[in-house]
Amino acid sequence: MRIDESGTVSRVHGYLLVGNGPSDVRILTVLAERFDHSKVLRIPQTPLRGRKGLKASIESLTFCLDRPAMNRFILVIDREHVASKEEIEEKLQECGFECLEIEEINSGAYYVEAKRGDKRALIYIALLGFKKRIEENLAQLIKVMYNEDLEPRKKVIRRWLKVKGLRDVDLIRKARDEQLNQAFPSVTIVFRLISKNN
């Protein structure tokens with residue numbers, strides 16, 4: 001799967017909305033490469049880009065849905081911004097959506113069908129982190145690859161990577177599929193489902 005930020009690819013399979021920073025986009029881009037190469041996810045340019053949190057992501061989705069191009073969305077956001085399935089439904093309603101279906105795929109991934117006016121949205125949500133954020137996923141990947149326990153903090157992980165002469169994306173590229181499934185269970189299951197869809 002390819003992630004397109006430029007907007008130059010004409011045929012896309014869905015919009016990817018990332019509720020966090022550019023480092024998350026970099027990691028997700030490399031992670032997506034492990035899946036179906038015929039699929040392209042576009043990161044749309046929206047006026048809300050750069051804002052964080054679940055509501056900001058849903059507002060960006062609303063902006064995209066108001067254009068006629070796409071109705072399939074993948075929201076990737078740190079777990080600390082999403083307390084429950086009920087909160088997802090509540091934030092959708094605040095943005096004018098009627099939630100038709102919400103299914104928990106695993107403990108950090110959801111599939112949602114929602115409607116706003118006459119427009120239908122198919123939404124996959126993948127939560128990063130096991131309690132809070134993506135650093136927990138990276139620390140888990142280091143644990144399963146190198147058997148080293150690290151505190152899941154940005155500075156600690158950066159220091160460890162520097163000592164090893166690695167970047168975060170190098171970890172993703174070197175990891176086996178089962179290691180990525182253990183470290184990024186919500187993202188890998190959502191990417192796998194997207195890669196199977198037409």
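## The largest cavity

The residues lining the largest cavity split into two nonpolar, two polar and two charged. In this predicted model, those residues are Arg11, Val12, His13, Ser38, Lys39 and Val40. Val12 and Val40 are nonpolar because Val belongs to that class, and both are part of the lining.

The space inside the largest cavity comes to about 30 Å³. The structure holds one cavity of 30 Å³ or more.

## Aromatic pairs

A pair of aromatic rings is described by the distance of the centres and the angle of the planes. The structure has four aromatic pairs, counting rings whose centres lie within 6.5 Å.

One of them joins Phe35 and Phe191 in an edge-to-face arrangement, with 5.8 Å from centre to centre and 75° between the planes. Phe35 sits in the loop between α1 (22-32) and β3 (40-42), while Phe191 belongs to helix α8 (residues 185-196), so this pair ties together parts that are 156 residues apart in sequence. Both Phe35 and Phe191 are buried.

## A pair between two helices

Tyr146 and Trp160 also form an edge-to-face aromatic pair, at 5.1 Å centre to centre and with 70° between the planes. Tyr146 is in helix α4 (residues 134-146) and Trp160 is in helix α5 (residues 154-164), so the pair links parts that are 14 residues apart in sequence.

Trp160 has a relative accessible area of 8% and is buried, because buried means under 20%.

Key: Residues are numbered from 1 along each chain as its sequence is written. This is a predicted model: local features need pLDDT of at least 70, side-chain atom pairs count only at pLDDT 80 or more; totals for chains, interfaces and linings use all residues. Side-chain values use heavy atoms; hydrogens and water are left out. Rings of Phe, Tyr and Trp (its six-membered ring) pair if their centres lie within 6.5 Å; planes under 30 degrees apart count as stacked, over 60 as edge-to-face and the rest as tilted. Helices (H or I, at least four residues) and strands (E, at least two) are DSSP runs, numbered from the N terminus. Buried means under 20% relative accessible area, exposed over 50%, partly exposed in between (1.4 Å probe, protein chains only). On a 1 Å grid over the protein atoms alone, a cavity is a set of points where a 1.4 Å probe fits but cannot get out, and a pocket is an open set with protein on both sides within 12 Å along at least five of seven lines; lining residues have an atom within 4 Å of a point. Grid points are joined across faces, edges and corners, and a volume is the space filled by probe spheres set on the points.
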